[in-house]
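User: I'm new to this one and would like a walk through it. Can we go piece by piece?

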Amino acid sequence: MSGHNKWSTIKHKKGAADAKRGKVFTKIIKEITVAAKLGGGDPDGNPRLRTAIDKAKAENMPKDNVERAIKKGVGGMEGVNYEETTYEGYGPGGTAVLVEVMTDNRNRTVSDVRSIFSKCNGNMGESGCVSWLFDKKGLLVFPKSTDFDKLFEAAIEAGADDVADEDEQYEVLTDPTAFHEVKTALEAAGFKPENSEITMIPQTMVKLDGKNAENMLKLMDRLEDNDDVQNVYANFDISAEDMEKMM
């Protein structure tokens with residue numbers, strides 16, 4: 001299982017999703033607003049906006065919130081100028097970490113992110129130091145109750161790159177440009193994903209245990225808790241046994 005997916009699983013098991021729903025909403029609203037500003041308010045002609053709206057629906061965000069965010073973006077977001085950038089670094093045990101941010105104060109954000117890395121036994125690196133270890137992919141996750149053979153056939157026919165049988169789920173990987181087409185085709189065929197997103201998939205994994213595993217989860221949690229951080233990706237692998245001990 002990819003580190004990013006394992007982190008998503010951990011968050012749900014810890015119950016962090018509900019506890020931080022307000023913060024999740026804030027991040028999605030920011031993404032919708034910027035996507036609408038850059039590509040227009042029509043999701044049919046703006047894949048980035050469509051992805052953000054899908055994420056909002058998955059989190060049960062009220063429709064009014066979504067519409068206000070789109071209008072704010074289309075209207076030009078007076079007085080707010082968000083800058084998008086990605087910070088790279090190393091986590092405990094030599095893990096690779098990508099941090100996507102959207103900020104109106106780059107100096108504040110880079111200072112905050114560097115401090116979080118340092119406090120969790122990691123360090124920020126130069127641009128490009130670990131990004132080559134990740135591939136941008138569309139990802140759709142399905143429960144193990146799904147008929148794998150039928151899912152595989154439908155996914156490949158729809159244009160997916162691969163279908164993988166992971167420990168606790170099935171994963172369909174696509175080229176980012178084919179993500180929405182594949183998702184729409186699979187939903188039409190009766191396959192509803194538990195999670196779907198355009199994400200960064202690590203090429204290699206780093207196994208962690210003990211203190212390194214604890215610090216890694218702490219690093220991920222603190223980074224995601226920062227208001228300017230939109231997404232965090234890492235290539236860690238922690239055993240189910242060790243995760244149970246830490247939760």
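User: Leaving aside its neighbours within four places in sequence, which residues is Lys 183 in contact with?
Analyst: Bear in mind that this is a predicted model. Lys 183 touches Asp 54, Leu 140 and Ser 196, once the neighbours within four places in sequence are set aside.

User: Where is Lys 183 found?
Analyst: Lys 183 sits in helix H8.

User: And is Lys 183 buried or exposed?
Analyst: Lys 183 is buried, at a relative accessible area of 9%. The cut-off for buried is under 20%.

User: Which other residues of H8 are buried?
Analyst: Besides Lys 183, the buried residues of H8 are Phe 179, His 180, Val 182 and Leu 186. Looking down the axis of H8, the buried residues fall within an arc of 165°, so they line one face of the helix.

User: What is on the other side of H8?
Analyst: Glu 181 and Ala 188 are on that other side of H8, and they are exposed.

User: What covers the buried residues of H8?
Analyst: The cover includes helix H4 (47–58), helix H7, and the strands S4, S6 and S7.

User: What follows H8?
Analyst: Gly 190 follows H8, and its phi is positive, near 95°.

User: Let's turn to the strands you listed. In what order do S4, S5, S6 and S7 form their sheet?
Analyst: The order is S5-S6-S4-S7, in an open sheet of 4 strands with antiparallel pairing. Strand S5 (162–165) and strand S7 (195–202) are at the edges, each with a single partner strand, so one side of each has no neighbour in the sheet. From one strand to the next, the twist averages 35°.

User: How many bridges pair S4 with S7?
Analyst: Strand S4 (residues 134–143) pairs with S7 over 8 bridges, in the antiparallel sense.

User: Now the aromatics. How many aromatic pairs are there?
Analyst: The count is 2 aromatic pairs. Phe 148 and Phe 152 form a tilted pair, 6.1 Å centre to centre with 40° between the planes. Phe 148 and Phe 152 are 4 residues apart in helix H7, which means about one helical turn separates them.

User: Which parts does the pair of Phe 148 and Tyr 170 tie together?
Analyst: Phe 148 lies in helix H7 and Tyr 170 lies in strand S6, so the pair ties together parts 22 residues apart in sequence. Tyr 170 is buried, with a relative accessible area of 8%. Through the ring pairs, Phe 148, Phe 152 and Tyr 170 are linked into a cluster.

User: Switching topic: in what order do S1, S2, S3 and S9 form a sheet?
Analyst: The order is S3-S1-S2-S9, an open sheet of 4 strands with antiparallel pairing. Strand S3 (123–124) and strand S9 (229–234) stand at the edges, and each has a single partner strand, so one side of each is without a neighbour in the sheet.

User: How many bridges join S1 to S2?
Analyst: Strand S1 (residues 83–90) and strand S2 (residues 96–103) run antiparallel and are joined by 8 bridges. Thr 85 has Val 101 as its bridge partner in S2.

User: Which helix packs on that sheet?
Analyst: Helix H6 (residues 106–119) packs on the sheet, touching S1, S2, S3 and S9. The direction of H6 makes about 20° with that of S1.

Terms used. Residues are numbered from 1 along each chain as its sequence is written. This is a predicted model: local features need pLDDT of at least 70, side-chain atom pairs count only at pLDDT 80 or more; totals for chains, interfaces and linings use all residues. Side-chain values use heavy atoms; hydrogens and water are left out. Two strands pair if DSSP finds at least two bridges between them. Helices (H or I, at least four residues) and strands (E, at least two) are DSSP runs, numbered from the N terminus. Axes are lines fitted to C-alpha atoms, for helices over the stretch in contact, and angles run from 0 to 180 degrees between N-to-C directions. Contact means heavy atoms within 4.5 Å. Rings of Phe, Tyr and Trp (its six-membered ring) pair if their centres lie within 6.5 Å; planes under 30 degrees apart count as stacked, over 60 as edge-to-face and the rest as tilted. Buried means under 20% relative accessible area, exposed over 50%, partly exposed in between (1.4 Å probe, protein chains only). The arc is that of the directions from the helix axis to the C-beta atoms.
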